[in-house]
Amino acid sequence: MRNLNEDNITRAVIAMHAQAKDARVQTLMTSLVQHLHAFAREVELTEEEWFKGIQFLTDVGRITTDVRQEFILLSDTLGLSMLVTALNNKKPQGCTEATVFGPFHVEGSPHVPLGGDVANGAEGEPCYVRGSVVGTDGQPVANAELQVWQADAAGNYDVQYAHAGGEHEHRARATLNADAKGDFHFKTIRAEAYPIPHDGPVGKMLEALGRHPWRPAHLHFMISAPGFERLITHVFRNGDRYLDSDAVFGVRSSLIADWIEHPPGATPDGGTSTVPFYTLDFRFVLNPVAVPAVARPTLTRKVSA
């Protein structure tokens, strides 16, 4: 283990992994070391560049908080989040596609009844969302849980408006349940394009690469129901200028829908709007959880003497 050089150090590091207690950890770390070392050799990484890289990751860690996950943002903008999503969400034809989780999901969002106001005072043009949740057989998924969240008209999520002590009021974020027929509807605000947080190290990286920080307008959904795989996805607003240059590579054609504009007047919830409003209709198709095959008993044939 002495006198290591650029030719033999990779083998030496990997040899040390033989002591790993977890086979999967050994596999992951061995491959990581191989690729990291190969990268350093390929680009002939300088000590100055290596130190800047360490400083960059340090800065990512320093800016990360309970409401701002800069590491997820980094993963998103490098396309790693979408790659992992694609690798782990291979679904049958016809299922709603998954896309990136994003850094702004919050556990324990307030529960609202069907038809409730998810916006809760968030700034934006009124929008009425309705849809259904079904399985691949077209049958309704009764009482499916839907978590929804989105940015407001200013391009900010509620958690970005932290009050003193780090607290915030839930807005444009809620949990609701579909009815027995798998149908759901709620009131919110129209989705708008917005820039991901770019005042930190990830933003500096994008600027250095000549990339913009914008995401196309979208509404987040996380849908869960017993007997089905959980779905994490977005619905994107058709016609958005950033659909083909999403900063986090999350757009899927099957997830693009029309936000239909309506003049002031009667609204889908039976009320009246004095300003123009929008409607969105979307059908989600969940993938059933695979049921393990039951082992068939072995039949023993009796042989006559």
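Tutor: Start with the pair H4 and H6. Glu70, Leu73, Leu74 and Thr77 in H4 meet Pro201, Val202, Met205 and Leu206 in H6. Contact here means heavy atoms within 4.5 Å. Helices are DSSP runs (H or I, at least four residues), numbered from the N terminus. The model is predicted, with local features needing pLDDT of at least 70 and side-chain atom pairs counting only at pLDDT 80 or more, while totals for chains, interfaces and linings use all residues. Residues are numbered from 1 along each chain as its sequence is written, and side-chain values use heavy atoms, without hydrogens and water.

The contact of H4 with H6 has 6 nonpolar residues, 1 polar and 1 charged. Nonpolar covers Ala, Val, Leu, Ile, Met, Phe, Trp, Tyr, Cys and Pro; charged covers Asp, Glu, Lys and Arg; the others, Gly among them, are polar.

Now the geometry. H6 spans residues 201–208, and its axis comes within 9 Å of the H4 axis, crossing at roughly 20 degrees. Axes are lines fitted to C-alpha atoms over the stretch in contact, with angles from 0 to 180 degrees between N-to-C directions. H4 is therefore roughly parallel to H6 (under 35 degrees; over 145 is roughly antiparallel, 65 to 115 roughly perpendicular, the rest oblique).

Next, turn to H3. The H3 and H4 axes come within 8 Å and cross at roughly 130 degrees, so H3 is oblique to H4. From H3, Phe56, Leu57, Val60, Gly61 and Ile63 meet Glu70, Phe71 and Leu74 of H4. This contact also divides into 6 nonpolar residues, 1 polar and 1 charged.

Helices H2 (23–43), H3 (47–63) and H4 (70–77) each supply at least two residues of the lining of the largest pocket. H3 gives the most, with 7 residues. The pocket holds about 830 Å³ of space. Of its 19 lining residues, Leu32, Leu36, Phe39, Leu57 and Leu78 are the closest to its centre. A pocket is an open set of points on a 1 Å grid, found with a 1.4 Å probe, with protein on both sides within 12 Å along at least five of seven lines; lining residues have an atom within 4 Å of a point. Volume is the space filled by probe spheres set on the points, joined across faces, edges and corners.

Last, confidence. The chain averages a pLDDT (the predictor's confidence in each residue, 0 to 100) of 92, and 93% of the residues score at least 70. Over residues 295–305, pLDDT stays under 50, and the model has 0 contacts beyond four places in sequence there.
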